Amino acid sequence: MSSNSTESSRILSLDVFRGITMALMVIVNSQGTRIPYPILEHAEWNGCTLADLVFPAFLFIVGITTVISLKRHIKEESKVLLYRSIVTRTLLLFLFGIFLNAFPSHFDLSTVRVYGILQRIAFCYFICALLYLNTSVKTQIFIFLGILISYWYFLIQIPIPVPGMDQLSMTRNWVGYIDTIIFSPAHLLSKTFDPEGLLSTIPAIATTLSGVLAGHFLLTSISKYKKSMMMITMGILSLLLAWIWSCYVPINKNLWTSSFVLWSSGFSLIVFGLCFFIIDVLGYTKWSLPFKIFGMNALFIFIFHVILLKVQSMFVFTLPNGSQDVLRVAISEYLFGRFGPENAALFYALLFLFLNFLVAAFLYRRKIFFKI
């Protein structure tokens with residue numbers, strides 16, 4: 001990871017969208033009690049909540065930034081240097097992900113979780129960067145559609161060798177089956193299933209490709225107004241197609257179903273389109289500074305907030321009711337317990353978000369931007 005003291009030219013609306021997504025991720029991950037605020041809780045299996053839209057939004061952003069970054073450097077550097085940079089970024093993201101999984105007490109290769117958010121981002125970035133450098137937009141569209149159709153067919157039509165329940169059930173599905181073949185239970189998040197598993201990373205590539213296609217469109221000579229309107233329109237169309245497809249394969253983040261790809265990409269297109277319209281078309285930018293601050297140091301804040309949450313889990317305190325729990329829950333109960341467990345979870349998350357914002361603002365004021 002390197003720091004840069006100068007702020008390069010960037011697309012403000014993209015930084016703001018990244019910052020909004022980062023803020024939501026911090027809030028979702030830092031629920032203060034064991035009973036999270038309802039809309040900030042992930043769907044148990046089928047269905048989609050606000051929390052379920054955060055990670056695919058990051059992958060969508062990765063796709064856009066891949067296009068913008070590589071297009072800027074492709075004229076300045078040879079392909080060999082570009083490939084070296086892509087491999088370096090991929091490995092660093094993956095290793096950071098492994099470190100976060102292992103910290104603070106699982107530095108053991110026999111038990112450390114291999115999958116994770118940064119690991120999936122690394123793999124999706126790597127594949128999409130190679131596709132951007134070596135294929136046309138038309139080919140990328142065909143690959144996007146091919147992934148959605150083939151993944152849908154595989155989950156539904158190809159029987160799992162071991163007899164069991166419905167292939168899309170929580171207890172029996174291709175994603176979990178393949179992961180249990182590759183890894184022992186100790187390496188998986190829930191022992192028999194991992195939400196960032198190998199097979200479900202394939203449709204996650206399609207999510208990132210949706211961002212790549214949006215990035216291509218963003219760099220065209222079409223007017224900013226038409227760009228924003230077309231992104232919003234395409235987002236609405238994607239939601240409609242996802243809703244229709246969900247009649248045959250459910251919207252499911254854990255399996256990252258094809259309908260979920262369209263559903264989450266649709267929301268990402270709409271939100272980014274709105275940010276682009278408000279900031280780049282109407283010119284309303286004053287409101288966006290807090291999100292810009294988050295967005296310009298998103299990777300650092302992600303790593304920082306995960307470490308801070310894990311550090312809190314190392315300390316156990318007695319709660320007002322006499323039971324014991326980790327520091328995060330104790331703070332929530334003592335400061336906000338009178339408001340009920342769900343509201344206490346939300347208030348703690350907002351307090352934790354503010355703490356992370358102070359760190360991001362400190363770095364922003366000193367023009368320190370961490371990147372790889």
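Ile 205 is buried, because its relative accessible area is 8% (buried means under 20% relative accessible area, exposed over 50%, partly exposed in between, with a 1.4 Å probe and protein chains only). Ile 205 sits in helix H7, residues 201-218. This is a predicted model, where local features need pLDDT of at least 70, side-chain atom pairs count only at pLDDT 80 or more, and totals for chains, interfaces and linings use all residues. Residues are numbered from 1 along each chain as its sequence is written, and side-chain values use heavy atoms, with hydrogens and water left out.

- Leaving aside neighbours within four places in sequence, Ile 205 is in contact with Phe 123, Cys 124, Ile 127, Cys 128 and Ile 147 (contact means heavy atoms within 4.5 Å).
- Ile 205 and Trp 174 are 31 residues apart in sequence, and their C-alpha atoms are 17 Å apart in space.
- Ile 143 and Ile 205 are 62 residues apart along the chain, with 9.8 Å between their C-alpha atoms.
- Ile 143 belongs to helix H5, residues 137-157.
- Ile 143 counts as partly exposed, because its relative accessibility is 26%.
- Ile 143 touches Leu 131 and Leu 209, not counting residues up to four places away in sequence.

**The chain as a whole**

- The secondary structure comes to 13 helices and four strands (helices are DSSP runs of H or I with at least four residues, strands are runs of E with at least two, and both are numbered from the N terminus).
- The radius of gyration is 21 Å, close to the 21 Å that the globule rule gives for 372 residues, so the chain is as compact as a globular protein of that length (the radius is taken over C-alpha atoms, and the rule is 2.2 Å times the number of residues to the power 0.38).
- Along the principal axes, the C-alpha atoms fill a box of roughly 65 × 60 × 40 Å.
- Buried residues make up 50% of the 372 residues.
- Take the contacts between residues at least 6 apart in sequence: 73% of them join residues at least 24 apart.
- The chain exposes about 17,600 Å², and carbon and sulfur atoms supply 69% of that area (accessible areas come from the Shrake-Rupley method with a 1.4 Å probe; for residues, only the protein chains shown count as cover).
- The chain has 27 positive and 16 negative charges, and their mean positions are 12 Å apart (Lys and Arg count as positive, Asp and Glu as negative, while His and the chain ends are not counted; the place of a charge is NZ of Lys, CZ of Arg, CG of Asp or CD of Glu).

**Ser 264 in helix H9**

- Ser 264 lies in helix H9, residues 258-281.
- Ser 264 counts as buried, because its relative accessibility is 1%.
- The Ser 264 side chain reaches the backbone oxygen of Phe 260 at 2.7 Å (a polar contact is a pair of N or O atoms within 3.5 Å; within protein, one must be able to donate a hydrogen and the other to accept it, and residues adjacent in sequence count only if both atoms are side-chain atoms).

**A cis peptide bond at Pro 104**

- Phe 103 and Pro 104 are joined by a cis peptide bond, with omega about 0 degrees.
- Pro 104 lies in the loop between helix H3 (79-102) and helix H4 (117-134).
- Pro 104 is partly exposed, because its relative accessible area is 32%.
- Apart from neighbours within four places in sequence, Pro 104 is in contact with Lys 310 and Met 314.
- Pro 104 and Leu 40 are 64 residues apart along the chain, and their C-alpha atoms are separated by 26 Å.

- Trp 256 is a residue other than glycine with a positive phi, near 50 degrees.
- Trp 256 is placed in the loop between helix H8 (224-245) and H9.
- Trp 256 is buried, because its relative accessible area is 0%.
- Lys 367 is not a glycine, yet its phi is positive at about 55 degrees.
- Lys 367 lies in the loop between helix H13 (341-365) and strand E4 (369-371).
- Lys 367 counts as partly exposed, because its relative accessibility is 45%.

**Lys 371 in strand E4**

- Lys 371 is found in strand E4.
- Lys 371 counts as partly exposed, because its relative accessibility is 43%.
- Lys 371 and Gly 176 are 195 residues apart along the chain, with 33 Å between their C-alpha atoms.
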